[in-house]
Amino acid sequence: MDIINKYFQELTDRQRQQFEALDALYHDWNSKINVISRKDIDALYLHHVLHSLAIANAIRFRPGTKVLDFGTGGGFPGIPLAIMFPEVKFKMIDGTGKKIRVVNEVANAIELKNCVAEQLRGEEEKGKFDFIVSRAVMLLPDLVKICKKNVGKEQRNSMPNGIFCLKGGNVEEETRPFKNIVEVMELDTMFEEDWFNGKHLIYLPI
């Protein structure tokens, strides 16, 4: 939890309590339903929570913004972002029911009121959102093909509506079709921990 306080010092007491509760909750649920790899669970705050919050470093969503977490898995980046932005509405979808169960249980346990989680494939989602967020779910062109229909036209934020996705490794190939508009942010310029070397946040306005 110290690592979250290090980069986000303006948290309210309630937000701190919610972030602190994640450790025990995910350890407990992960022992029943494996949503985070065993080697990663002890690095929950570095590898999952702070990683998700890279999006909060790139944009401060305005109140009333609607965000879709596509392929949320165990709730990342959606749950950390929903804690960070209590006046923003989040919907988290994943095709695997047991993962959505964990997301709902964790959200209920920390009384997170600004999010819903549903077992749904991206192709089935019909809603309109200001932003789509995802973490290494699929290649960017495939993600755009599925999610483009879900990006609304009304603008509420300082950055145009679009997609934010967290990726590792070489992203040159998958960003090439969007080379004139895509922005690739290096996470090692946001966070000093070595784990962030070679990891990126891709922003694509739609």
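The points below go through the predicted model from its overall form to single residues.

1. Overall form. The protein has 206 residues and a radius of gyration of 16 Å, which agrees with the value near 17 Å that a compact globule of this length would have. Along the principal axes, the C-alpha trace spans about 45 × 35 × 30 Å. The secondary structure comes to 8 helices and 7 strands, and among the contacts with a separation of 6 or more, 70% join residues 24 or more positions apart.

2. Surface and charge. Buried residues make up 54% of the 206 residues, while the accessible surface comes to about 9700 Å², with 48% of that area belonging to carbon and sulfur atoms. There are 28 positive and 29 negative charges in the protein, and their mean positions lie 7 Å apart.

3. Nonpolar cores. The largest nonpolar core holds 56 residues, of which Ile4, Phe19, Leu22, Tyr26, Ile79 and Phe164 touch the most other members. A second, separate core of 19 residues includes Leu68, Ile93, Leu140 and Val182. Nonpolar side chains tend to be buried together in soluble globular proteins. Beyond four places in sequence, isoleucine 4 is in contact with Leu11, Phe19, Tyr45, Val49, Leu50 and Leu53.

4. Helix H3. This helix, residues 44–52, is mostly covered, since 8 of its 9 residues fall under the 20% relative accessible area that defines burial. The buried residues of H3 are Leu44, Tyr45, His47, His48, Val49, Leu50, His51 and Ser52; Tyr45, Val49 and Leu50 are also among the contacts of isoleucine 4.

5. Glutamine 15. This residue is found in helix H2, which covers residues 13–32, and because its relative accessible area is 9%, glutamine 15 counts as buried. When neighbours within four places in sequence are left aside, glutamine 15 is in contact with Glu10, Ile83, Met84 and Pro86.

6. The cis peptide bond. The bond from phenylalanine 76 to proline 77 is cis, with omega near 10 degrees, and proline 77 has its place in the loop between strand S1 (66–70) and helix H5 (78–84).

7. Glutamate 111 is not a glycine, yet it has a positive phi of about 55 degrees; glutamate 111 sits in the loop between helix H6 (97–109) and S3 and is partly exposed, with a relative accessible area of 44%. Alanine 136 likewise has a positive phi, near 50 degrees, and its place is in the loop between S4 and helix H7 (140–147). At 55% relative accessibility, alanine 136 counts as exposed.

8. Arginine 121. The loop between strand S3 (115–119) and strand S4 (131–135) contains arginine 121, which counts as partly exposed at 47% relative accessibility. Not counting residues up to four places away in sequence, arginine 121 touches Ile93 and Gly95, and Ile93 is also one of the residues in the second core. The C-alpha atoms of arginine 121 and valine 102, which are 19 residues apart along the chain, are separated by 17 Å.

9. Proline 177. This residue is found in the loop between helix H8 (172–175) and strand S6 (183–186), where proline 177 is exposed, with a relative accessible area of 56%.

Conventions:
Residues numbered from 1 in each chain as written. Predicted model: local features only at pLDDT ≥ 70, side-chain atom pairs only at ≥ 80, totals over all residues. Heavy atoms only, no water. Helix = DSSP H or I, 4+ residues; strand = E, 2+ residues; numbered from the N terminus. Rg over C-alpha atoms; globule rule 2.2 N^0.38 Å. Buried < 20%, exposed > 50% of the residue type's maximum accessible area, 1.4 Å probe, protein only. Contact = heavy atoms within 4.5 Å. Areas by Shrake-Rupley, 256 points an atom, 1.4 Å probe, with all protein chains shown as cover. Lys, Arg positive; Asp, Glu negative; His and termini not counted. Charge placed at Lys NZ, Arg CZ, Asp CG, Glu CD. Core = buried A, V, L, I, M, F, W, Y, C linked by side-chain atoms within 4.5 Å.
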